[in-house]
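Student: Hi! I have a structure open and would like to talk it through with you. Could you take a look?

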Amino acid sequence: MQQTADQQVHNLIRGAGKAKGESGRAKMDIGNVESKQISEPIISEAQISHLALDIGGSLIKLVYFSTNSDSSSSSSSSKDSVAVSSGYEGRPVLEGKLHFAKFETAKINDCIDFIRSKQLRLSGCQKHGAPAGEKCTIKATGGGAYKYADLFKEKLGICLDKEDEMDCLVAGSNFLLKAVHTEAFTYMDGQKEFVQIDHDDLYPYMLVNIGSGVSMIKVDGPGKFERVSGTNVGGGTFWGLGRLLTKCKSFDELLELSQRGNNRVIDMLVGDIYGGMDYTKIGLSSTTIASSFGKAISDNKELEDYKPEDISRSLLRMISNNIGQISYLNALRFGLKRIFFAGFFIRGHAYTMDTIAVAVHFWSKGEAKAMFLKHEGFLGALGSFMSYEKHGFLNLKVHQLVQQSPVDAYHGGDKIHDPPNRELNENRSIDCSICLS
Amino acid sequence: MASLTEDPVLGINDIKEAEEETDKGTTQVVKTEEVGQSERDMAPVTGNSIHRSGSRPQLDLSKAAIQGNFEERDPTILLPNQSDDLSHLALDIGGSLIKLVYFSRHEDQSIDDKRKKTLKERLGISNGNRRSYPILGGRLHFVKFETHKINECLDFIYSKQLHRGGMDARIWNPDAPTNENSVIKATGGGAYKFADLFKERLGVSLDKEDEMNCLVSGANFLLKAIRHEAFTHMEGHKEFVQIDQNELFPYLLVNIGSGVSMIKVDGDGKFQRISGTNVGGGTYWGLGKLLTKCKSFDELLELSQLGDNSTIDMLVGDIYGGMDYSKIGLSASTIASSFGKAISENKELEDYSPEDISLSLLRMISYNIGQISYLNALRFGLKRIFFGGFFIRGHAYTMDTISFAVQFWSKGDAQAMFLRHEGFLGALGAFMSYEKHGLDDLMVHHLVERFPMGAPYTGGKIHGPPLGDLNEKISWMEKFVRKGTEITAPVPMAPPGTTGLGGFEVPSSKGGTLRSDASALNIGVLHLVPTLEVFPLLADPKMYEPNTIDLSDHGELEYWFTVLSEHLPDLVDKAVASEGGTDDAKRRGDAFARAFSAHLARLMEEPAAYGKLGLANLLELREECLREFQFVDAYRSIKQRENEASLAVFADLLMELDSMTEETRLLTLIEGVLAANIFDWGSRACVDLYHKGTIIEIYRMSRNKMQRPWRVDDFDVFKERMLGSGDKKPRPHKRALLFVDNAGADVILGMLPLARELLRRGTEVVLVANSLPALNDLTAMELPEIVAEAAKHCDILRRAAEAGGLLVDAMVSTLDDCKGNSSSVPLMVVENGCGSPCIDLRQVSSELAAAAKEADLIILEGMGRALHTNFNARFKCDALKLAMVKNQRLAEKLIKGNIYDCVCRYEPLS
């Protein structure tokens, strides 16, 4: 918060929230999820190295490092610059950015094309110091690291070095929470507030990763964690059910729809049962959802008679609320006050965050707080990337002060002004330096 | 019928005012008693009121109340004779379903004559009655309707006149002013929403009761009062759980209606809603309806049976390429993301089968509820989680999924349990919110659950109230017969060994396991008989299990099923003949046979449908079914004939006995009991035998064949207790309870002589007989007449019978004299409170319980009461169990013997 850039972001978000009214969607979070478009200008100027993957059930997440074009050491990522030096001294330092990209798992070929086009694999392979032409290895996590291992081998000639999913999630989360100042934030009633986290007071916390399914992980320290729970009602459920119910073509389209929906059309509210009266005795107001989709029972309506917007809204609330509730109950078991929500389900969507936050607030009676991460979707990929470090290949250092990309996004302003092919992911890139070992 | 002369029926409204009318009520009752008494003197003892059908007799229902200290009593009880059917109705109007609980009181015209009065005085049960609950015997009915078909519900209430206190009220008193201010207790959101509709259509106000309050009091009542209410359901296996009353609290109650409420219950009226979820039954149905176009919840459930959720759910294996993610304990078949597969494929809604969608949805929601419930139970350290509500509706897979989730997340520490009356907690609670509902102090032994024999068993129909009218019932049966449709009894699905996979796992077996009538009530009508008590001489009532044969053994069930089926045609013949063989009787006989067969067939499939099934229940089912079709006493004429034949030789037998020495006589008496026990119409083998000789011939032949040692032979121990050894003369028993079996020779040539011997030795004798007919078993109503006949031939019996007040009707004039100079110990008759060939000693009549207080010897006679049930029962006094085994299988199983082997088991109080 001390940083001017962050202050700016903060203000901007508030402004955006006001301007947009109840939809309350922060502009920063708009992105083109499919990321089919590759912004050529960026790579053309940069050398790209160190790729890591997180291949989930729905999405493939990429983290890669690119050197700054003006960096003096830009050549060090080339083949011949990789010294097999074992000493600390004299190791090359790369200045550059961490980039984040994602693809639908169903369109894995796009991802492969992307990697091929960027020649990402080259530098990744070299880290092993293997002779050129020998098998290359890149770090990967997520179930797909197993499932698609052969495909990567076949199409790109690279081996996927599988990293444990939970390890990666936690490593990614720990890294972000420590290294990036404006990483965690709370969200209530359209108000986003960044939270400064004392590094000494970070643990223990609950990490809820909402991917296709949901994992709930109690994190006690670096590398110290336990998957304590989870639920099968997650992002995949939202998207899957949503697709069946609305014929939306993408997750984001579905999310977009929910912005304009009214869940009261289809949810059975306490007021619907009690004839508009509150059931105050047990603390339920008449607008509390008594039964998600419960109104669909009694109406003589078919699926076609409901607006996709309303369906999407109901679905989103049902799932967000459920995740919030189960997360809180699990946090309670272990006395965890902080719950960080991450994973691609959220994707910075204001209403989603709102619902989760409200659920945690409601069930904990204000005791626990839901927090979100700016790089929510990339924990696994980032953790996978970090595992290079773990294996002693590189050392990552984040340049806190120059982490200005989000501000750039806001300068980019409205969607309209955004180049249509611009990747959201680029907006979230992190300036950093890498020490090659 | 006495009831016709009675005063107008009380509406629900009147009950509220009853308190003010206490004085008036008292005088009315006294008057009624006098009227009733004089009438009964003229009426046949075996008065067969149609209202007795299906319910146990309420022995001291009216008079005990009058004679007691009525200040302690609920005023409503003080007017028990004001109406025969007094109904309370309570509603739970939820978002999806309306649940009704209504009470109908069925009073029997009990033989409440002077004999009974004398008996009561003697047994000391007329005054100082320790019961403080209202004596309101009757039935609780459970019915449900879909909320959007609320008009059907209103019609139902109207047709039964439930809002005015019952149909009979109107019939008997058509001029009774309809009270415009009637109030019905209701809970659920709809109690608010539809209040105006009820006012408009039925002219009644809904008195809104708090929903949580109702749920909790309903659950507490059920868990306390119904023996086999709670059960676990894991991997297709259902097991009833006995819950110690003292360990019931605290527990978590999860009510799954449209939404889900989670309530921590700490005691009666002590509870807190601690959580809930909006993902509940409404979500399943609502989403399911949108996704599959199913027309009903049940259709949707049924679809799920045929589904394979792996086509639509993203499994761990899908993500990990078929590998387990074992590190965190997830197998490849674990659902990673419900509906997650719908993401990645280019399929539209139409490309998925509705079956798969339904199953996927069901697992998603059940699993979620199980998980959240467990997490909440954990917060408060609750080990027991009861799941109720209409989402479950006895659906095996749903229960398995929830159980699995609870087990999975708790690592086996917590247990999911389910309630048989799952959907009716709220309605029952609303019912109990009536100030004078009479259910407060009801205990397990006061309640008898009956198979809902009168209900229309049409498939898939959501409401199955018992058809009140017999004719309607028969026409319905006939209609189905014409259509060639197989009748199905309303037993829930949960077939053996199915869908055992809960929660995460992919079902390995699928198929038509959900019955089409899944929504039919899988619960019986609850008969409230506050006069029933636990037999006080049971050594350990908690451990007592009446059934000797456990029918959960399928082979055993199959055997008895066959026995009952084969016996059926003969029974129908007898039944039809007992009603004069008219066309009407034939129609009813036909309908009875079909209804009974249907029930048998369904019980074969789901033996635990009405709680744990024992042979006693099966045999009682038959009797109940007969009564349902108004065959009051199928063996009436046979019993009469045999009684007459036996009485004719009674005197000769006594002479023969009296010529013997004491020791020989005792042996001959026991032999006689065993020999006479051969007269049993319940035994196929014996029925064949009867065609070959006269009663006395068979009796003598049978007795002569009694070669000691019998298969089980404790006679010498018994003899020593009776006669002593050497010079030591033992103290005679103070009072003996003789549980008699069959009419005719069995009682007259077997048990009566034994009773006479006991009387002669100074032991009071109480003959215990059935309250209602069962096969050719003797009833308590028939017994005094027989004793009176027998007393003509025997002075001992006469004086004892007089002392016991048995001969009051016959010898009114001499009663006072006899009382004065008779020094005889009394011979009494009590009814046992049941109408089955077997007896469950947890539920006996209050007069039997009272009579048992001073008894120190119990003699159980006959297969039903001494072998099928109570063979292993232990008592707080000496017990003699006598029976001839007239069934080869039972003989092999129980005593490793053969048919016609005898059991004389004597178990002295140690």
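Tutor: Happy to. One term to begin with: a residue is buried if 20 or more other C-beta atoms lie within 10 Å of its own. Please also keep in mind that this is a predicted model.

Student: Which sense does β9(A) pair in with β8(A), and over how many bridges?

Tutor: Antiparallel, over 6 bridges, with β8(A) spanning residues 205-210. The two strands make a hairpin that has 3 residues between them. A:Tyr205, for instance, has A:Val219 of β9(A) as its bridge partner.

Student: And how many bridges join β9(A) to β10(A)?

Tutor: There are 7, and those two strands run antiparallel. One of the pairs is A:Ile217 with A:Arg227 of β10(A). This hairpin has 2 residues between its strands, and A:Gly223 in it takes a positive phi near 75 degrees.

Student: What holds paired strands together in general?

Tutor: Strands of a sheet pair through backbone hydrogen bonds, either parallel or antiparallel.

Student: Zooming out, how many helices and strands are in chain A?

Tutor: Chain A has 16 helices and 16 strands. Of its 437 residues, 54% count as buried.

Student: Where is the predictor's confidence lowest and highest among the elements of chain A?

Tutor: Helix α15(A), residues 405-412, has the lowest mean pLDDT, 33, while α12(A) has the highest, 93. For chain A as a whole the mean is 71, and 64% of the residues reach 70 or more. Over residues 400-427 of chain A, pLDDT stays under 50. Residues 70-89 of chain A also stay under 50.

Student: Changing topic: how many residues of chain A are in contact with chain B?

Tutor: 52 residues of chain A are in contact with 53 residues of chain B. Several elements of chain A each supply at least two residues to that side, including β10, α8 (235-246) and α12 (308-333). The largest share, 9 residues, comes from α12(A). By type, the side of chain A that touches chain B divides into 23 nonpolar, 22 polar and 7 charged residues.

Student: Over to chain B. What is the strand order in its open sheet of 7 strands?

Tutor: The order is β17-β23-β22-β21-β18-β19-β20, with mixed pairing. β17 and β20 of chain B stand at the edges with a single partner strand each, so one side of each has no neighbour in the sheet. Further in, β22 (878-884) and β23 (902-907) of chain B pair in the antiparallel sense over 6 bridges, and B:Lys881 has B:Arg905 of β23(B) as its bridge partner.

Student: Which helix lies across β17, β22 and β23 of chain B?

Tutor: That is α25(B), residues 715-723, running at about 45 degrees to β23(B). Another helix, α27(B), lies across β19 and β20 of chain B, at about 160 degrees to β20(B).

Student: Last one: which residues of α32(B) are buried?

Tutor: B:Leu890, B:Ala891 and B:Leu894. Looking down the axis of α32(B), these fall within an arc of 100 degrees, so they line one face of the helix. They pack against α31(B), residues 863-868.

How values were computed: Residues are numbered from 1 along each chain as its sequence is written. Chains are lettered from A and ligands numbered from 1 in the order in which they are written. This is a predicted model: local features need pLDDT of at least 70, side-chain atom pairs count only at pLDDT 80 or more; totals for chains, interfaces and linings use all residues. Two residues are in contact if their C-beta atoms, placed from the backbone, lie within 7 Å. Helices (H or I, at least four residues) and strands (E, at least two) are DSSP runs, numbered from the N terminus. Ala, Val, Leu, Ile, Met, Phe, Trp, Tyr, Cys and Pro count as nonpolar, Asp, Glu, Lys and Arg as charged, and the others, Gly among them, as polar. pLDDT is the predictor's confidence in each residue, from 0 to 100. A residue is buried if 20 or more other C-beta atoms lie within 10 Å of its own, exposed if 12 or fewer, and partly exposed in between; C-beta atoms are placed from the backbone. The arc is that of the directions from the helix axis to the C-beta atoms. Two strands pair if DSSP finds at least two bridges between them. Axes are lines fitted to C-alpha atoms, for helices over the stretch in contact, and angles run from 0 to 180 degrees between N-to-C directions.
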